[in-house]
Amino acid sequence: MRKNIVAGNWKMNNDLSASKKLAKQVAKLVRKNKVKGTKVIIAPTSVNLERIAKLTRKSKVKVAAQNMHFAENGAYTGEISAQMLKSIDVKTVILGHSERREYFGEDDALLAKKVDAALANKIEVIFCFGEVLADRKAGNEEAVVGSQIKNALFHLEASAFKNIVLAYEPVWAIGTGETATPEQAQDMHAFIRKTLVDKYGAEVADNVSILYGGSVKPANAKEIFSKPDVDGGLIGGAALSADDFLAIVQAF
Ligand code: PGA
């Protein structure tokens, strides 16, 4: 059975004290509201990961990194490795976010290597992809999404998908206030699942959680999450408020 997951991507927001405060608030709200059946993840900036991982260790909130390098170690100034994440008890990483693709030139070939490195270190991957507005206007969204998935993931064995979560994030909906309609999200998620069925079979595809990301808010989460192939959300802006984030967690 695939899991329901709500993950908050804090991006380059929150210094140490703000990160601790928000993480504590989220952990407290999750406990107070007895959240069950939904996996809750927060992704602080890498410099605060160790502190936040320690702070949330006894809670139901899990911590993810926002990025990592593919190499084990070496001369890659400014980068962090999967092994380093593992050493501070971080067991999930977001890879392929559209901001990494756009501002840091990450392409499918590089992401395939990062996915391999994460999985080799037993780190779960939240793999992000999605089309830009021009692709959607041209009716190419399925072709783009299909190739992003194939290029970065289809060299993997079926068993690898136990440790992969997919996050469909139409780039035109990220941070713009514009959300895909629940129907647009469902259509694309169904296409993504079918793409997995064709390659790996129904059992693998049925067990992969597919998250939607792009301006998810308390006001629209319920309708989006009610769609059969939407298994949760990757939340940016709304994850910076503990109350809004919890409301989204509770939208299931
Ligand atoms: P947003 O960001 O919720 O602010 O649109 C989503 C994301 O980038 O993961």
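**Around the ligand**

Modeller: Happy to. Keep in mind that this is a predicted model.

Biologist: Nice. What does E169 do with the ligand there?

Modeller: E169 uses its side chain: a polar atom of it lies 2.6 Å from an oxygen atom of the ligand. At G237 the backbone is involved again, with an N or O atom 2.8 Å from a ligand oxygen.

Biologist: And how much of the ligand's accessible area does the protein cover?

Modeller: On its own the ligand has 280 Å² of accessible area, and the protein covers 97% of that.

Biologist: Which residues around the ligand are the closest?

Modeller: There are 13 residues surrounding the ligand, and K11, H97, E169, G175 and S215 are the closest. Sorted by class, that shell holds seven polar, four nonpolar and two charged residues.

Biologist: Okay, what about the phi of D89?

Modeller: D89 has a positive phi as well, about 70 degrees, and it is not a glycine either. You'll find D89 in the loop between α3 (82–87) and β4 (92–95).

Biologist: Switching topic: what volume does the largest pocket have?

Modeller: About 520 Å³. The pocket is lined by 21 residues, and the closest to its centre are M12, Q66, N67, R100 and F104.

Biologist: Which helix gives the most to that lining?

Modeller: That would be α4 (residues 98–104), which contributes four residues to the lining of the largest pocket. By class, the lining of that pocket has nine nonpolar, eight polar and four charged residues.

Biologist: Last one, the whole fold. How many helices and strands does the chain have?

Modeller: The protein chain has 11 helices and eight strands. Its radius of gyration is 17 Å, close to the 18 Å that the globule rule gives for 252 residues, so the chain is as compact as a globular protein of that length. Along the principal axes, the C-alpha atoms fill a box of roughly 45 × 45 × 35 Å.

Biologist: Great, thanks for the tour!

Conventions. Residues numbered from 1 in each chain as written. Predicted model: local features only at pLDDT ≥ 70, side-chain atom pairs only at ≥ 80, totals over all residues. Heavy atoms only, no water. Near = heavy atom within 4 Å. Polar contact = N/O pair within 3.5 Å; in protein donor to acceptor, adjacent residues only side chain to side chain. Areas by Shrake-Rupley, 256 points an atom, 1.4 Å probe, with all protein chains shown as cover. Nonpolar A, V, L, I, M, F, W, Y, C, P; charged D, E, K, R; others polar. 1 Å grid on protein atoms, 1.4 Å probe; cavity = no way out; pocket = protein on both sides within 12 Å on 5 of 7 lines; lining within 4 Å. Points joined across faces, edges and corners; volume = space filled by probe spheres on them. Helix = DSSP H or I, 4+ residues; strand = E, 2+ residues; numbered from the N terminus. Rg over C-alpha atoms; globule rule 2.2 N^0.38 Å.
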